[in-house]
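I open these notebook entries with the structure itself, placed below for reference. My notes on what I looked up follow it.

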Amino acid sequence: MTTTSTAAGISQATLTHLQRLEAESIHIMREVAANAENPVMLYSVGKDSACMLHLAKKAFYPAPPPFPLLHVDTTWKFRAMYDLRDKAARDAGMDLLVHHNPEAMEKGINPFDHGSLHTDMWKTEGLKQALTKWNFDVAFGGARRDEEKSRAKERVFSFRSANHRWDPKNQRPELWKLYNTRKSKGESIRVFPLSNWTELDIWQYIHLEGIEIVPLYFSAPRPTVIRNGLTLMVDDDRFPLEPGETPVMRSIRFRTLGCYPLTGAVESEAKTLPEVIQEMLLTTTSERQGRAIDHDQSASMEKKKQEGYF
Amino acid sequence: MTATQDPVYVTDALIAEDIDAYLLKHQHKTMLRFITCGSVDDGKSTLIGRLLYDTKMIFEDQLASLEKDSKAVGTQGGDIDFALLVDGLAAEREQGITIDVAYRFFATEKRKFIVADTPGHEQYTRNMVTGASTADLAVILIDARQGVLTQTRRHSYLVQLLGIKNIVLAINKMDLVGYSQERFYEIVKDYSHFAQQIGMESFLPIPISGLKGDNIAARSSGMPWYQGPTLLQHLEEAPVNDARMLDQPFRMAVQWVNRPNLDFRGFAGQIGAGVVRPGDAIRVLPSGKTTTVKSIPTFDGDLDQAIAGQSVTLTFTDEIDCSRGDVIVRADAPCEVADQFEATLVWMDEHAMLPGRPYLLKIGTQTVTATVTEPKYEVNVNTLEHLASRTLGLNAIGVVNISTDRAIPFEAYAVNPDLGGFILIDRMTNATVAAGMIHFALRRSQNIHWQAVDVNREAHAALKTQKPAVVWFTGLSGSGKSTIANLVEKKLHALGKHTFLLDGDNVRHGLNRDLGFTDADRVENIRRVGEVAKLMTDAGLIVLTAFISPFRSERRMVRDLMAEGEFIEVFVNTPLDVAEARDVKGLYKKARSGQLKNFTGIDSPYEAPELAEITVNTVDLSAEEAADRIVAALLAR
């Protein structure tokens, strides 16, 4: 808090930007807890999820957050992510639900052989299946408006039709902090408590609050190969090496975490949070560039969202 | 070109030299939310794109894609088209318009900024009001070539309506008027005159060029005559709203009661105004009960104090009733509690407002049922004239009276937007249909009290040895409602029951002779019948009503008026073709030929009940059989 003196002569304060963002996110989470029948928090183990989970702990303290965590898994996440996932849920005293799309499992869908089908089936379809299976009416997601142009227009409370589609032209106006949480039969709501946070805000908050994140965000020597301009980490034996390809140890870290065969690393020496933030501030490319998913077409994220991708 | 094309807001040297010092500095940043108002040609998107560019919020890959897009679809002849940065959705990129509110982020060393970007076409009022509701400051754009236009007046009025105190008049495209000082002052003079008319206390005019970057981040060398701050400088200095709320008495709407175990009961909410400390005497409204704050527990330990804007949890020293929707206030400075208000409404839905129809009203953390009167007047946002109106359509603004089904704690919007701003929600579609701002409570709501009577409804009913009820027949014209209701009444009468039949046609000859058949009049028709039926149940009667009553909302409204279990909805289910074939009164024929307007089933909708207590199918049953079934069902309850 920045301390100032008011007319009344009492020592008072103005909230900093992070305190205002924190207060807003907590307000949003409590609105959901008070109104939803069966809410869930989507947890992807990334830094945004870590931040969101931390805020949930604060919002309902001393009670544990009154909803479970849901991980829509693809079986292709980094191993370090699975480790932190289980620990974080335990520490928060929350139930952890994990869903694998049985059809993708059966067909052996993987990012090496199936391209964008991998994301469609494991993530988009998997998420729909999980929400339907457990009958969740409200799901928290860690998306931020600064990530991508179509996100900039999305509401904090974003409604999905019975088949999980998003209609960007038919969104409810959100005034003040009065969220209209009423849904029609079959509708569900995706709620984004981090809407107004930027990537820098997230990093600063993690630093300030000492939130535990996956070590992959910090630089270390790791086995890598370079494909289509992306530096990929060979995280386990399932990575099919091409003839003549040998993993090379490089000092790398990740700005964003997803399925390891789809997530590009950056070469870096940043071993601490301040160094990571420093690198981010001096960097010249935007965050999502490390993800293969956005490259298809410039409006690809909007299309994915309409189809039900988070 | 007078300003440099390169980003002039250079990266802080501390980032490279001493990141820890940089982080420490940036933890103390404040946050300002603002809105930019302007129409399609005022250069609004260009200005926002410029702010992002000048504050280095655009990365190399984004810049590369921007340059590519500028060549393909840009409007700046191959130069960088900043507008493309902020026009988000694919559909709007093709049409070259923005269709909704979008939020943008950038930061300088002193502040983080959130910009609400709202489009400039017909949905404007709704979107602008949405964007302005959370803004600390507004930037009103004027094209220097055009000067103060109708739209400038409209933007200014809306900004004023939403209570924004910090207003920047950005006179844009100065490069296209030769950076003329005379032109700038001419516009400022025009605008001052208008600002005075609408009661705007102050504004700051800045001559800029969004395209060229003049007086955005960098001072313009083309306008040495301008000595004031650049736009970015001013945005860094302007006060935020939270600061204003700090000086007011403590207010917090309760969002959530935290009860993890029997030993802990905490009341969670976001502080709307003032300060709270352990030991403070507080009052819970509307009950008025008082107690003392025991502690402010958080994840990081107990707090000594909490201030406006923070989301906190409070515990009390006494176990008093307090739940979601209640407002905790300083004991010696409570806010008012009332159930009737004057308010300004901004209508946001394609379906016009229906006076008398119950809507849900969400204010603070509580949702109540509310009805709205006919507007006292509608405001023409272009001329600011007051117009007579019976309703409010999409984007219309008007002043109305509102009554709620229970008393709510509130404050005037101008004093405290948190307890004075509300939304209206349609109970059937769940759409947010209006935004509202309370002016004051109506005196009569505090002065009209219920007269307690000794011979009450129980006494009336006991004397008649019956349970009062409203048997509400609904169905299409010609479905047989009146015929069946009449038979039911005869049968009940024969059984010694005290009944009364309110028939649609008959009521329209007297009580409701002033009403026609528009949607609004139909709502009022049912409201009056509902109130009369309620009085009759208080008198202990079994009331039968036969009205088409086509809308679910109004039937629901009457249901809500009655005691639990005393409203019995009877759906006389006759398909339209059957009713039309019967056409007892010849009305369908008239409606089909266009002589009769707003006829239910033909050019006005009938919303069939979803959960009627009794449904009779008149295709398979005779009127007599239907009446027998209904009587049997009534006696069984």
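Strands here are DSSP runs of E with at least two residues, helices are runs of H or I with at least four, and both are numbered from the N terminus. Two strands pair if DSSP finds at least two bridges between them.

I then followed one pair. Strand S4 (residues 69-73) of chain A pairs with S5(A) in the parallel sense over five bridges. Asp73(A) stands opposite His100(A) of S5(A).

On provenance, I recorded that this is a predicted model, in which local features need pLDDT of at least 70 and side-chain atom pairs count only at pLDDT 80 or more, while totals for chains, interfaces and linings use all residues. Residues are numbered from 1 along each chain as its sequence is written, and chains are lettered from A and ligands numbered from 1 in the order in which they are written.

Next I turned to the domains of chain A. Chain A is divided into domain 1 (12-201) and domain 2 (216-300), with bounds that come from an automatic or database domain assignment. Their C-alpha centres lie 24 Å apart. I found 18 residues of domain 1 of chain A in contact with 16 residues of domain 2 of chain A, contact meaning that C-beta atoms, placed from the backbone, lie within 7 Å. On the domain 1 side, helix H3 (79-92), helix H5 (116-134) and helix H6 (199-209) of chain A each supply at least two residues. The largest share, three residues, comes from H3(A).

Last, I examined two helices of chain B. The axes of helix H17 (residues 519-538) and helix H18 (residues 552-561) of chain B come within 9 Å and cross at roughly 20 degrees; axes are lines fitted to C-alpha atoms, for helices over the stretch in contact, and angles run from 0 to 180 degrees between N-to-C directions. H17(B) is therefore roughly parallel to H18(B), a label for angles under 35 degrees. The contact includes Val523(B) and Ile526(B) of H17(B), and Met557(B) and Leu561(B) of H18(B).

Terms used. Parallel < 35°, antiparallel > 145°, perpendicular 65-115°, else oblique. Contact = placed C-beta atoms within 7 Å.
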